[in-house]
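The following questions and answers examine how structural terms are applied to one protein chain. Each answer sets a value against the definition of the term.

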Amino acid sequence: MFSAIARIFRTPDLRRKILFTIGIIALYRLGSNVPAPFVNFPNVEQCLAANAGTDGLLGLVNLFSGGALLQLSIFALGVMPYITATIITQLLRVVIPHFETLHQEGQAGQSKLTQYTRYLTIALALLQSATVVTVARSGQLFGQTDVAACNNLLTNDVWWAQALIIMAMTAGTGLIMWMAELVTERGVGNGMSLLIFTSIAATFPSSMWAIWEAKGFETFLLVMIIGIVVMSLIVYVEQSQRRVPVQYAKRMVGRRTYGGTNTYIPIKVNMAGVIPIIFASSLLYVPMLIAQFNTPADGSEPPAWVAWVSTNLASGDQPLYMALYFLLIIGFTYFYVAITFNPVEVADNMKKYGGFIPGIRAGRPTAEYLDYVITRITFPGSLYLGLVALIPLIALATVQANQNFPFGGASILIIVGVGLETVKQIDAQLQQRHYEGLLR
């Protein structure tokens with residue numbers, strides 16, 4: 001293992017790519033700690049020291065930004081606008097035929113879709129930064145808290161100061177997007193995925209230290225053991241796939257013979273990634289947000305439905321919240337897989353190049369067979385996603401370890417998935433140069 005790592009740094013091209021990636025990650029982490037203009041940073045530190053936090057969607061954004069959201073830094077939004085824009089662009093392919101046509105045009109069409117995604121990212125960054133500034137000005141960024149400093153997070157709340165904060169956060173999102181594309185072009189791995197990986201990994205030490213201080217060494221050790229087991233299981237499931245065999249018939253083109261090869265279509269157990277968890281968290285945050293705006297400011301008795309939402313849907317340790325969260329993840333997994341994997345398109349491409357599944361006729365029967373396989377394999381994948389997402393909520397309800405339990409939910413899925421993909425890319429580049437990879 002150590003000899004393989006030494007070979008990495010003895011290879012000039014690979015060493016340059018890895019050092020470039022590390023440099024971009026360092027700049028990203030530096031920007032996550034630079035406060036935006038007109039932010040009362042001492043008051044922000046007091047709120048963070050008081051362990052005030054947010055749940056639901058804001059907590060997810062704070063996780064993906066590496067804690068930059070609650071610090072009101074220039075990188076407060078992190079990568080969430082880009083993730084949201086990418087998801088919207090994928091969904092629009094089903095609704096707008098022009099987007100689907102661009103997707104099928106190859107590299108030129110993909111470049112155009114990428115450009116649309118960039119424009120949409122900036123628009124969403126403007127909207128989300130305005131929301132963050134409004135919430136920070138109202139004193140609700142850290143939720144319901146008695147800390148007086150949390151109600152005075154801005155040094156100046158006039159309109160032009162708020163506009164400057166919004167512009168700084170939007171520019172920070174554009175800079176993050178540019179740095180991620182630089183990593184993808186000149187570094188190792190997918191740039192946006194690596195920045196998400198960095199943001200989440202940056203919260204792990206503080207989360208583990210909070211567990212040690214609050215519950216002691218025994219609970220800390222138990223969490224570490226659970227984390228190792230969960231990571232091992234996630235690696236096993238993420239690497240699992242159903243391989244549908246495909247044969248290509250021989251065909252003559254001039255004097256050359258093409259085809260006659262055997263291959264397979266790899267269908268992963270978890271084809272949806274962490275998107276269903278993000279969808280479910282966002283949807284469950286909506287009732288709590290509506291209830292928050294309908295809570296009387298004078299401290300009087302709220303309406304009955306607001307009290308019910310606050311009791312059953314405001315906290316992740318409630319059984320109803322867990323059940324709805326689990327069911328929504330299952331539903332969104334089927335929904336997202338149905339959008340991203342088109343059996344008819346795959347069957348048409350196979351038929352075009354003379355490919356067929358043994359025992360299945362080309363064309364519509366192949367599409368029906370692939371749809372059958374996808375439906376069957378998505379069910380255990382959705383259950384797996386739901387169970388992994390419930391791990392932090394179960395930990396909160398049982399041992400009260402930490403609401404941002406590090407070894408569960410979207411965080412551990414991203415950590416393991418991005419880590420595996422990056423190691424595979426480094427291994428492939430080592431094999432090209434030394435005929436021996438990083439993994440044995």
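Q: What makes up the secondary structure of the chain, and how are its elements defined?
A: The chain has 15 helices and five strands. Helices (H or I, at least four residues) and strands (E, at least two) are DSSP runs, numbered from the N terminus. The model is predicted, so local features need pLDDT of at least 70 and side-chain atom pairs count only at pLDDT 80 or more, while totals for chains, interfaces and linings use all residues. Residues are numbered from 1 along each chain as its sequence is written, and side-chain values use heavy atoms, with hydrogens and water left out.

Q: Why is N40 called buried?
A: Buried means under 20% relative accessible area, exposed means over 50%, and partly exposed lies in between (1.4 Å probe, protein chains only). N40 has a relative accessibility of 16%, and therefore counts as buried. This residue is found in the loop between α2 (12–31) and α3 (41–49). Buried residues make up 43% of the 440 residues in the chain.

Q: Which residues does N40 touch, and what makes them contacts?
A: A contact means heavy atoms within 4.5 Å. Not counting residues up to four places away in sequence, N40 touches N152, L153, L154 and T155. For the chain, among contacts with a separation of 6 or more, 71% join residues 24 or more positions apart.

Q: How do you know that E181 and R118 form a salt bridge?
A: A salt bridge is a side-chain nitrogen of Lys or Arg within 4 Å of a carboxyl oxygen of Asp or Glu. The closest N and O atoms of E181 and R118 are 2.8 Å apart, and the pair forms a salt bridge. The pair links distant parts of the chain, with E181 in helix α8 (residues 159–186) and R118 in helix α7 (residues 107–138), 63 residues apart. R118 has a relative accessibility of 27%, so this residue counts as partly exposed.

Q: What ties K268 to E238, and is each residue buried or partly exposed?
A: The side chains of K268 and E238 meet in a salt bridge, with N to O at 3.8 Å. K268 lies in strand β4 (residues 262–268) and E238 in helix α9 (residues 191–239), so the pair ties together parts that are 30 residues apart in sequence. K268 has a relative accessible area of 34% and is therefore partly exposed, whereas E238, at 11%, is buried.

Q: How many salt bridges does the structure hold?
A: The structure holds six salt bridges. One of them joins E100 and R93 at 3.4 Å, N to O, and both of these residues are buried.

Q: What makes a group of residues a nonpolar core, and which members of the largest core touch the most others?
A: A nonpolar core is a set of buried Ala, Val, Leu, Ile, Met, Phe, Trp, Tyr and Cys residues joined through side-chain atoms within 4.5 Å. The largest core has 66 residues, of which I234, I277, Y325 and L413 touch the most other members. Helix α14 (residues 364–398) gives the most to this core, with ten residues. A second, separate core of 20 residues includes L77, V132, L141 and L154. In soluble globular proteins, nonpolar side chains tend to be buried together.

Q: How do you know that β1 pairs with β4 and with β5?
A: Two strands pair if DSSP finds at least two bridges between them. Strand β1 (residues 241–248) and β4 pair in the antiparallel sense over seven bridges. Two bridges join β1 to β5, and these strands also run antiparallel.

Q: Why are β4 and β5 said to stand at the edges?
A: Three strands form an open, antiparallel sheet in the order β4-β1-β5. β4 and β5 (355–356) each have a single partner strand, so one side of each is left without a neighbour in the sheet.
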